[in-house]
Amino acid sequence: MKSRFLPYATTPARLAGQVISDLLVGTWIAVWVAVGLAVHHAVAAIASVGTQVQDGANGLADNLDSAGESANRIPLVGETMSKPLQAASEAASDLAGAGQNLHSTATWLAVLLAIAVAAPPILAIGMPWLALRIRFFRRKWTVIALAQTPAGEQLLALRALANRPLRHLTEVSADPVGAWRAQDTDAVRGLAALELRSAGVARVKQAV
C-alpha cells in the first residue's frame with residue numbers, strides 16, 4: 001500500500017512519535033476496557049444470585065403445590081391442610097418473580113455501569129487522538145497531492161516562506177524570497193521540502 005494512504009508520517013522522527021502515541025493510547029484503552037469488564041463481572045454476580053433465587057423458589061413452589069394437592073385428597077381435613085401449603089407455594093412463586101427481576105435489573109445495571117466507568121476515560125483520550133490523526137492524514141494527503149505538480153510545489157514553497165522558521169529558510173537559500181520569485185528550481189524544491197517535512201512527509205516525486 002502506498003504511504004499516501006497510510007495515516008503515518010514518512011519522516012522517521014514523526015513516525016516514531018506516532019507509533020509511540022498509538023501504543024500509549026492503545027494501552028490506555030485496553031486498561032479501561034479491562035476495568036469496565038471487571039465492573040461488569042462484579043455486578044453480574046448479583047444477577048447470578050437472582051437466578052439461583054428464582055430456580056430455588058420455583059422448585060420450592062412446585063414441591064409445595066404438589067404437597068397441597070396430595071393433602072387435599074385426605075378425607076375431612078384435606079382442604080384445611082392444603083390451604084397453608086398452597087399459600088406457601090404462592091409466596092415461593094412471588095419470591096421466584098423477585099429473583100427474576102433481580103437478575104434482569106442486575107444484568108442491565110452491569111452493562112450500564114461498565115460503560116459508565118470505561119467510556120469517559122476512553123473517549124477523553126481516544127477522541128482527541130483520533131481527531132489529530134484524521135487532521136494529520138488530511139494534511140498529508142493534501143501536501144503529497146500538491147508536491148506532485150510544479151504549481152503545487154511552488155505553493156508549498158510559498159507556505160514555507162510564511163510558516164517555517166527563518167533559520168530553516170536561510171539553510172535552503174541565502175535569499176529565499178528572491179529565489180522563490182525567480183522560480184529557482186532547487187530553492188523552490190528545498191522550500192517545498194520544508195513544508196512537506198512539517199507535515200511528516202519526505203520528498204515526493206512529481207508525477208510525470
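The following exercises, with worked solutions, concern a predicted model.

**Exercise 1. Describe how helices α3 and α6 are placed relative to each other, and state which residues make their contact.**

Solution. 

Step 1. Two packed helices are described by the angle between their axes and the distance between the axes.

Step 2. Helix α3 spans residues 150–163 and helix α6 spans residues 185–198; their axes come within 7 Å and cross at roughly 70°.

Step 3. Angles of 65 to 115 degrees count as roughly perpendicular, and α3 and α6 are therefore roughly perpendicular to each other.

Step 4. The hand of the α3 and α6 crossing is left-handed.

Step 5. On the α3 side, the contact is made by Glu 153, Gln 154, Leu 156, Ala 157, Arg 159, Ala 160, Leu 161 and Asn 163. On the α6 side, Val 188, Arg 189, Leu 191, Ala 192, Leu 194, Glu 195 and Leu 196 take part.

Step 6. Sorted by class, this contact of α3 with α6 holds nine nonpolar, two polar and four charged residues.

**Exercise 2. Determine whether Trp 129 is buried, partly exposed or exposed, and find its contacts beyond its sequence neighbours.**

Solution. 

Step 1. Trp 129 belongs to helix α2.

Step 2. Buried means under 20% relative accessible area and exposed means over 50%. The relative accessible area of Trp 129 is 27%, so Trp 129 is partly exposed.

Step 3. When neighbours within four places in sequence are set aside, Trp 129 is in contact with Ser 21, Asp 22 and Val 25.

Step 4. Val 25 lies 104 residues from Trp 129 along the chain, yet their C-alpha atoms are separated by 7.8 Å.

**Exercise 3. Carry out the corresponding analysis for Gln 18: is this residue buried or exposed, and which residues does Gln 18 touch?**

Solution. 

Step 1. Gln 18 is located in helix α1 (residues 12–72).

Step 2. With a relative accessible area of 7%, Gln 18 is buried.

Step 3. Residues up to four places away in sequence are not counted; Gln 18 then touches Pro 7, Tyr 8, Ala 9, Arg 133 and Phe 136.

Notes. Residues are numbered from 1 along each chain as its sequence is written. This is a predicted model: local features need pLDDT of at least 70, side-chain atom pairs count only at pLDDT 80 or more; totals for chains, interfaces and linings use all residues. Side-chain values use heavy atoms; hydrogens and water are left out. Axes are lines fitted to C-alpha atoms, for helices over the stretch in contact, and angles run from 0 to 180 degrees between N-to-C directions. Helices (H or I, at least four residues) and strands (E, at least two) are DSSP runs, numbered from the N terminus. Angles under 35 degrees count as roughly parallel, over 145 as roughly antiparallel, 65 to 115 as roughly perpendicular and the rest as oblique. A crossing is left-handed if the near helix is turned anticlockwise from the far one by less than a right angle, and right-handed if clockwise. Contact means heavy atoms within 4.5 Å. Ala, Val, Leu, Ile, Met, Phe, Trp, Tyr, Cys and Pro count as nonpolar, Asp, Glu, Lys and Arg as charged, and the others, Gly among them, as polar. Buried means under 20% relative accessible area, exposed over 50%, partly exposed in between (1.4 Å probe, protein chains only).
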